[in-house]
Number of protein chains: 4
Amino acid sequence: MIIVLKPGTTDAEFDHVIERIHQLGLKPHISKGEHRTIIGVIGDESKMQAQPLQAIAGVEQVLPIMKPFKLASREFAKKDTIVEVGKVKVGGGHLAMIAGPCAVESREILDEIAGSIKKSGANILRGGAFKPRTSPYSFQGLGEDGLKILREIGDKHDMPVVTEVMDPRQVPLIERYTDMFQIGARNMQNFDLLKEVGQSQKPVLLKRGMSATVKDLLMSAEYVLAEGNPNVVLCERGVRSFEDSRRNMLDMSAVPNVKGMSHLPIIVDPSHATGRPDLIPSMAYASVAAGADGVHIEVHSCPEKALSDGPQALLPPKYAEVMKQIRKLAEMFGKKY
Amino acid sequence: MIIVLKPGTTDAEFDHVIERIHQLGLKPHISKGEHRTIIGVIGDESKMQAQPLQAIAGVEQVLPIMKPFKLASREFAKKDTIVEVGKVKVGGGHLAMIAGPCAVESREILDEIAGSIKKSGANILRGGAFKPRTSPYSFQGLGEDGLKILREIGDKHDMPVVTEVMDPRQVPLIERYTDMFQIGARNMQNFDLLKEVGQSQKPVLLKRGMSATVKDLLMSAEYVLAEGNPNVVLCERGVRSFEDSRRNMLDMSAVPNVKGMSHLPIIVDPSHATGRPDLIPSMAYASVAAGADGVHIEVHSCPEKALSDGPQALLPPKYAEVMKQIRKLAEMFGKKY
Amino acid sequence: MIIVLKPGTTDAEFDHVIERIHQLGLKPHISKGEHRTIIGVIGDESKMQAQPLQAIAGVEQVLPIMKPFKLASREFAKKDTIVEVGKVKVGGGHLAMIAGPCAVESREILDEIAGSIKKSGANILRGGAFKPRTSPYSFQGLGEDGLKILREIGDKHDMPVVTEVMDPRQVPLIERYTDMFQIGARNMQNFDLLKEVGQSQKPVLLKRGMSATVKDLLMSAEYVLAEGNPNVVLCERGVRSFEDSRRNMLDMSAVPNVKGMSHLPIIVDPSHATGRPDLIPSMAYASVAAGADGVHIEVHSCPEKALSDGPQALLPPKYAEVMKQIRKLAEMFGKKY
Amino acid sequence: MIIVLKPGTTDAEFDHVIERIHQLGLKPHISKGEHRTIIGVIGDESKMQAQPLQAIAGVEQVLPIMKPFKLASREFAKKDTIVEVGKVKVGGGHLAMIAGPCAVESREILDEIAGSIKKSGANILRGGAFKPRTSPYSFQGLGEDGLKILREIGDKHDMPVVTEVMDPRQVPLIERYTDMFQIGARNMQNFDLLKEVGQSQKPVLLKRGMSATVKDLLMSAEYVLAEGNPNVVLCERGVRSFEDSRRNMLDMSAVPNVKGMSHLPIIVDPSHATGRPDLIPSMAYASVAAGADGVHIEVHSCPEKALSDGPQALLPPKYAEVMKQIRKLAEMFGKKY
């Protein structure tokens, strides 16, 4: 950690800063420049980051040197983590091809969609039973009935399933039915929920919040890891921006950026990132080319009657076409799925 | 609601759109232009907003006309809502002057701070017992012990208290000790939590999410109102932006903007919005001048030893100075507190 | 265009709106709903967009239906435009592989870089002679001497050249030396400059402004096209965002988004979009997979001594490696270069 | 400046970094920590900031300590600068009350508006003769005829005038007619234009770019100051954001933020910042309460027929009302105008 003092700091202020550093059991290295004094502080950085050193009189800036996350960091594990979702591997060269409707609506519709996407190459089935809707008046999901249908259809088509959990109280219920928890963008910093799924061993698909930095995302992953669950898959799904012609702005460079900072797998969700079916195929290709460990796409056999997010779903034949191209790309980049 | 068709829409597509509108029990008004056909749809807009009409072939845009929130809207109540927090009124000309430390750390420190801010004119005491921290390794709050201290010190100084709730399971516990729930920015779209406090009658201080639009904020208020709790106070606390010289960007015009759209009170939190004590006083003055129903300021008697967010706290004498100026402004704008 | 009236609009206000519409030679279609009246206005939309109808009493919203750009729009030309830069084709299946140093620094360095990138597959040479620098104290470019060197080295290696123009007064000078004008992000809405290059027939590489929407970008292209120069190549180069771990946020979905709205070619500049050499290769691959008409990469043989933007340049051997992969991707997607 | 090395940097890399520092005539201070080595570099920071030290192998981060602007900095002048626009003082306790229509449309309309705002307390008249319009098909201003009218009406009502300059070639022409140049948001980083007005002695009203940080704004001011023109007034006018219910997001805390970093005056333009007349009055009050050195408001006597930006203009009686309140605020805060 580096402490930069203000120009014109008094000797008393300087001495007080040095005293505080010693109190914390740390060692200061002092560089007096023409205009400013800089203090390099050596020792346990996490101890320092918890201290409000910036509030001390005379301190202009406190610059952390170490990253605030540990278990999620690339330094912690040089090798890419491979997360197992049922029998499907994610990361380290293995691609997750997650697909399905936004919400579980009925056994018949889900069965039809699952059969079709499985044939196209999807390896994990998604579907929401508890839906986070902006409006209290929108369809909120089928609840446990939805979970049962999802489990049954997943088993029928031999695909592990993933579904969203929004409330820490739902964790035990959802754990009985699902192979992977999804934490949605709106709950990325719902720390109690993160701790709760951290106490399970089931994999967690952690979506990036709408205005979360990549560092924030990794800090949230750290919450899950710190509770003892090492099975976290990150998901880029677009962030809020001034651009109003699509739902969100897909931050594609988050993929290599995360891979440099962390050993955890990261996939991309072009469906929520764009909200527009015409943009999804090319963004799915770009994701694989960018090095993502998978792609998450919403598919619905009748988007215009879907109870949630219909307008952004791909039709099954379109999904089949996209998957053909992805297969070629995966091969070129040496990825398996 | 208005449906705009793509240029070159076929007759079959057009007929299908019209048929869907009739199926929903609605009436289409058709305007055929030179380049595009526009369909005005008359009827229950909320019914339409739940439908994925955008997914129908031939549809270019669906433009909602009505706002998606009802109970929170200015149309629902022309008169400003006055929320009572203990004996303190907020809204309709009454200012909430909320102050206190970020976290409850000990009885002694809180007592000292509370005594001082009360004298300066604060009328509601804040302090966190459960803290949402970005890092799992940071101080997470004193829990129930913190709640007890907060209650005791609030009573001693005759100030109602507000504290953050992060987990729906904590609602009954916190309700026993607090006069007002705070929902933090990170939980603004934690819908299960919103529903839970909506079932209480205690007032809710709902902070704007870091990338929430004003409409999103009002939709989240709607969740609380729809459950039967009419006592919601909104809080502008800055949003994420590209500007890196302060913590967040205080969106001051959200104050008159919300007042035009809603009858609910809205206060401003310049402490979290800026994260810098040198910017807080002028932002507090600006908030009152902009028409805010109160100001929320963090105060700590020893910021450099605070366990959470010390660097952004004002010292008690500085707070006293700020409050003197605010008193004059309040008078000029005909506000009471 | 659609005009939505406020609830409670008086008859006099309504009549005044209708009168204004008739004055403009347009025809109103009126739909009276339960809560609001909607007026569809048929006629020349550009005439209407120039009118401040929103300022009329009783008007709540004015919703344009048509896009505000014409010559740049997909409706204007169904077929992709192919722009010729010297002998190099860009668009319609032809990829522009633009590379070179940020600034022209000396004949020797540019010659070395040009020889190397040409061998790797670059087909257009870039290099700045007039540099837009945030600080007045930074290197501002070699001026005309730089232009001469760029021309000479381009000819030697048989590559057309592109260089930035910042001032309308420089257009004639730069036109003598270059094959393509570059308009930088900071000048995307420098309308006098756009008009000036619009009067040339040399192609224009128009970079997206740091907070420009895709629509803004196309409006700026419209300025060039409207002056009579049809040779515009757009360039996505990242936008400003809250994410602080890279220079900008590459908006990858702008590529298919622009292609849906316009017939103009669009390339991607991952160098400026990320500012980090470790992220550039994967973003270059993703750009081609997303359907971009080319990639713009800064290459320098000694980044640590570059006079401008050294830290983001790729070394020539790294560029060679990236181009090998791009060649395979281009083939897979049926693109030539 | 501080250089942080990557963990695992080799001795050869370390030596190379130290050698480069010595080559630049600077002195390194080395702190070897457990995980990372930190090098404090003492000497002329501006020399270092021009060097791409980040590109050297082994370097993880380069952290500048000094601000990159000098003449604009608070360190350069402790006392607030007072800029004189004709006989009107701006800064150091003097408020600029700039008002007028977006564009000069005719002698009659401007005369009517000027007479009215002068009576209400405006002290500088604004009006555009050259208009930067997003669309090439929108009204582009009256040009020199507009300048003549502006000068004549300003003289008649004894108000200095300010008008926008967009093209460096227009500077001599506009200088003949105006008392102050306005540089619009879109040209904040049009460096050739900044240099050109920097060679005049007429004051410059420099508006913040739509995605400019406060530091960027001060760097652009530095361009003008470095050419020898010390008369710069900054203007906050809102930045681009995700919030779509208003034109821009007024960054109110930029006012005290700039005042801490610079001695230059800063005013606020709530008209362009919000684009909505219902939000302008409260934002004008908030600006004065926040410490701004003036307020810039667009006023038009018939907004619905204005040739540019009519919907955001205040009517003259509304402006009169706003100015009454501002007068009281100015008094409370000890400001003159």
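The contact between two of the chains takes 32 residues from chain C and 32 residues from chain A, where two residues are in contact if their C-beta atoms, placed from the backbone, lie within 7 Å. This is a predicted model, in which local features need pLDDT of at least 70, side-chain atom pairs count only at pLDDT 80 or more, and totals for chains, interfaces and linings use all residues. Residues are numbered from 1 along each chain as its sequence is written, while chains are lettered from A and ligands numbered from 1 in the order in which they are written.

## Chain C against chain A

Let's stay with that first contact. On the side of chain C that touches chain A, the elements giving two or more residues are helix H7 (214–226), helix H8 (254–261), helix H10 (280–290) and helix H11 (316–332) of chain C. Helices here (H or I, at least four residues) and strands (E, at least two) are DSSP runs, numbered from the N terminus. H10(C) gives the largest share of that side, six residues. Sorted by class, the side of chain C has 15 nonpolar, ten polar and seven charged residues. For these classes, Ala, Val, Leu, Ile, Met, Phe, Trp, Tyr, Cys and Pro count as nonpolar, Asp, Glu, Lys and Arg as charged, and the others, Gly among them, as polar.

How do the two copies line up? Chain C is superposed on chain A by a rotation of 180° with 0.0 Å of shift along its axis, at an RMSD of 0.0 Å. The two copies are thus related as by a two-fold rotation axis. Superposition is by least squares on the C-alpha atoms of residues with pLDDT of at least 70 in both copies. In chain C, C:Ala286 has the C-alpha nearest the axis, 2.0 Å from it. Both copies use the same surface, as 100% of the contact residues of chain C recur in chain A.

## Chain D against chain A

Chain D meets chain A too, with 19 residues of chain D in contact with 19 residues of chain A. Here the elements giving two or more residues to chain D's side are strand S1 (2–5), strand S2 (27–32) and strand S3 (37–42) of chain D. The largest share, three residues, comes from S3(D). By class, this side of chain D has nine nonpolar, six polar and four charged residues.

Again, a rotation of 180° with 0.0 Å of shift along its axis superposes chain D on chain A (RMSD 0.0 Å). D:Phe242 is the residue of chain D that comes closest to the rotation axis, at 2.1 Å (C-alpha). Of the interface residues of chain D, 95% are also interface residues in chain A, so the copies meet through the same surface.

## Inside chain A

Now for a single chain. Chain A has eleven helices and 14 strands, and its C-alpha atoms fill a box of roughly 75 × 45 × 40 Å along the principal axes. Chain A is divided into domain 1 (2–63) and domain 2 (83–332), with bounds that come from an automatic or database domain assignment. The centres of these two domains, taken over C-alpha atoms, are 44 Å apart. Of the 337 residues of chain A, 61% count as buried, meaning that 20 or more other C-beta atoms lie within 10 Å of a residue's own, with C-beta atoms placed from the backbone.

Four strands of chain A form an open sheet in the order S2-S3-S1-S4, with antiparallel pairing. Two strands pair if DSSP finds at least two bridges between them. Strand S2 (27–32) and strand S4 (59–63) of chain A stand at the edges, each with a single partner strand, so one side of each is left without a neighbour in the sheet.

| Residue | Partner | Partner strand |
|---|---|---|
| A:Ile2 | A:Gly40 | S3(A) |
| A:Leu5 | A:Val59 | S4(A) |

S1(A) pairs with S3(A) over three bridges and with S4(A) over four bridges. A:Ile2 and A:Val4 point one way from S1(A) and A:Ile3 and A:Leu5 the other way, and all are buried. In a regular strand the side chains alternate between the two faces of the sheet.

## A helix in chain D

One last stop is helix H8 (residues 254–261) of chain D: six of its eight residues are buried, so H8(D) is largely enclosed by the rest of the structure. Among the buried ones are D:Ala254, D:Val255 and D:Pro256.

Conventions
A residue is buried if 20 or more other C-beta atoms lie within 10 Å of its own, exposed if 12 or fewer, and partly exposed in between; C-beta atoms are placed from the backbone.
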